[in-house]
Amino acid sequence: IGDDFRGFTDNKNLYNKDFAIAYDRFICLKNGTYTVLVGTHKNLEIDTSEYHKILVNGNGVAIYYAIKTAESSGLSFHTAVDLKRGDYVQHQGNKFATQNYRFQITRM
């Protein structure tokens, strides 16, 4: 479960907007079309081949199969979704425990 939110990039503070942070999910507060991005690092020593999913209200809307390779690697995938107030978004799959994990929702 992610416990470090927002942060900064290019010396700019980042904030959350239009979503409420709720333990293992993000609850939409404003209707709209959003891009949901997942990016992480796969570690050869601990990760196996597995599925990564972006879920909306518990249903998979984007699925990425990451294959274990002979070396560490990164993965990144995204999708666009229409959300209504009260819908929730989640990522399912291993998250490498460093700043290399990224889960981002952007209103289009």
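**Close-up views of a predicted model**

**View 1. Surroundings of Asp-18.** Leaving aside neighbours within four places in sequence, Asp-18 is in contact (heavy atoms within 4.5 Å) with Ile-27, Cys-28, Leu-29, Lys-30, Tyr-34 and Arg-107. This is a predicted model, in which local features need pLDDT of at least 70 and side-chain atom pairs count only at pLDDT 80 or more, while totals for chains, interfaces and linings use all residues. Residues are numbered from 1 along each chain as its sequence is written, and side-chain values use heavy atoms, with hydrogens and water left out. Asp-18 is placed in the loop between β2 (12-13) and β3 (19-22), where strands (E, at least two residues) are DSSP runs numbered from the N terminus. Asp-18 counts as buried because its relative accessibility is 15%, buried being under 20% relative accessible area, exposed over 50% and partly exposed in between (1.4 Å probe, protein chains only).

**View 2. The loop residue Asn-57.** Asn-57 lies in the loop between β6 (50-56) and β7 (59-66), and it counts as partly exposed because its relative accessibility is 32%. Not counting residues up to four places away in sequence, Asn-57 touches Gly-86, Asp-87 and Tyr-88. Although Asn-57 and Tyr-88 are 31 residues apart in sequence, their C-alpha atoms are 5.2 Å apart in space.

**View 3. Strand β9 and its partners.** Strand β4 (residues 25-28) pairs with strand β9 (residues 88-92) in the antiparallel sense over 2 bridges, pairing requiring that DSSP finds at least two bridges between two strands. Within this pairing, Phe-26 stands opposite Val-89 in β9. Strands β6 and β9 also run antiparallel, joined by 4 bridges, and the bridge partner of Leu-55 in β9 is Gln-90.
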